[in-house]
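Here is a briefing on one protein model and its ligand. Look at the sequence and structure first, then read the points by topic.

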Amino acid sequence: MVTRVLMVCLGNICRSPLAEGILQNKVNSDLVFVDSAGTGGFHIGSKPDSRSIAVGLKYDLDISHQRCRKFTVKDFDEFDLIYVMDLSNYRNVIALAQNEQQKNKVKLLLDEVESTTKEVPDPYYDDNGFEHVFHLIDEACTAIANKLERN
Ligand code: 4NP
């Protein structure tokens, strides 16, 4: 059975597109499907932010084909795991959950690793933040990929 994983941030143009691409790259696509979405609807249909595309390419990851979409309540039915980048995303997603089973699907991405910070910072207003964000997400995705492979 295919495990379906959704990566969520606010805009779905900076952090979650990277998380989608990074995790998909680390897993067998016959076994794990990864998508991403944003809780805000400001950039629907847009490509990822050029700074996310650039940091991805630096590490041989092309995310330029992705297009922004908004998180919807239907995603609770369509995904097994929903990883959010920060606590604000967590609150926004949990507020849409209709039962405990849906709430239990929602996890902070960095809860998967021993990290001093629990949140992937929003790099939108910080040109220098993208490198840091890439590495935080990459480490967490390695842990998630290892966990999924053991299932
Ligand atoms: P993201 O970053 O949540 O990592 O995609 C943001 C992108 C856009 C905005 C905020 C955060 N925005 O306000 O437009």
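Asp-60 is exposed, at 72% relative accessible area (exposed means over 50%, buried under 20%, partly exposed in between, with a 1.4 Å probe and protein chains only). This is a predicted model: local features need pLDDT of at least 70, side-chain atom pairs count only at pLDDT 80 or more, and totals for chains, interfaces and linings use all residues. Residues are numbered from 1 along each chain as its sequence is written, and side-chain values use heavy atoms, with hydrogens and water left out.

**Two loop residues with positive phi**

- Asp-60 is not a glycine, yet its phi is positive, at about 65 degrees.
- Asp-60 sits in the loop between H2 and helix H3 (75-78) (helices are DSSP runs of H or I with at least four residues, strands are E runs of at least two, and both are numbered from the N terminus).
- Asn-12 also has a positive phi, about 55 degrees, and is not a glycine.
- The loop between E1 and H1 holds Asn-12.
- Asn-12 counts as buried, with 2% relative accessibility.

**Ligand site**

- Around the ligand are Cys-9, Leu-10, Gly-11, Asn-12, Ile-13, Cys-14, Arg-15, Phe-42, His-43, Asp-122 and Tyr-124 (a residue is near if one of its heavy atoms lies within 4 Å).
- By class, this shell has six nonpolar, three polar and two charged residues (Ala, Val, Leu, Ile, Met, Phe, Trp, Tyr, Cys and Pro count as nonpolar, Asp, Glu, Lys and Arg as charged, and the others, Gly among them, as polar).
- A polar backbone atom of Leu-10 is 3.0 Å from an oxygen atom of the ligand.
- For Asn-12, a backbone N or O atom lies 3.2 Å from a ligand oxygen atom.
- Asp-122 uses its side chain: a polar atom there lies 3.2 Å from an oxygen atom of the ligand.
- The ligand taken alone exposes 350 Å², and the protein buries 91% of that (areas come from the Shrake-Rupley method with a 1.4 Å probe).

**Nonpolar cores**

- In soluble globular proteins, nonpolar side chains tend to be buried together.
- The largest nonpolar core has 34 residues (a core is a set of buried Ala, Val, Leu, Ile, Met, Phe, Trp, Tyr and Cys residues joined through side-chain atoms within 4.5 Å).
- Val-5, Met-7, Leu-18, Leu-23, Met-85, Leu-109 and Ile-137 touch the most other members.
- Strand E1 (3-9), helix H1 (15-26), strand E2 (32-38), helix H2 (50-58), strand E3 (81-84) and helix H6 (129-150) each give two or more residues to this core.
- H6 supplies the largest share, 10 residues.
- Another core, of 13 residues, lies apart from this one and includes Leu-6, Ile-82, Val-84 and Leu-108.

- Leaving aside neighbours within four places in sequence, Leu-23 is in contact with Val-5, Met-7, Val-34, Cys-141, Ile-144 and Ala-145 (contact means heavy atoms within 4.5 Å).
- Ile-22, in helix H1, is buried at 3% relative accessibility.
- Not counting residues up to four places away, Ile-22 touches Leu-61, Phe-134, Ile-137, Asp-138 and Cys-141.
- Ile-22 and Ala-140 are 118 residues apart along the chain, with their C-alpha atoms separated by 9.8 Å.
- Asp-35 lies in strand E2 and counts as buried, at 17% relative accessibility.
- The side chains of Asp-35 and Arg-69 are joined by a polar contact of 3.1 Å (a pair of N or O atoms within 3.5 Å; within protein, one must be able to donate a hydrogen and the other to accept it, and residues adjacent in sequence count only if both atoms are side-chain atoms).
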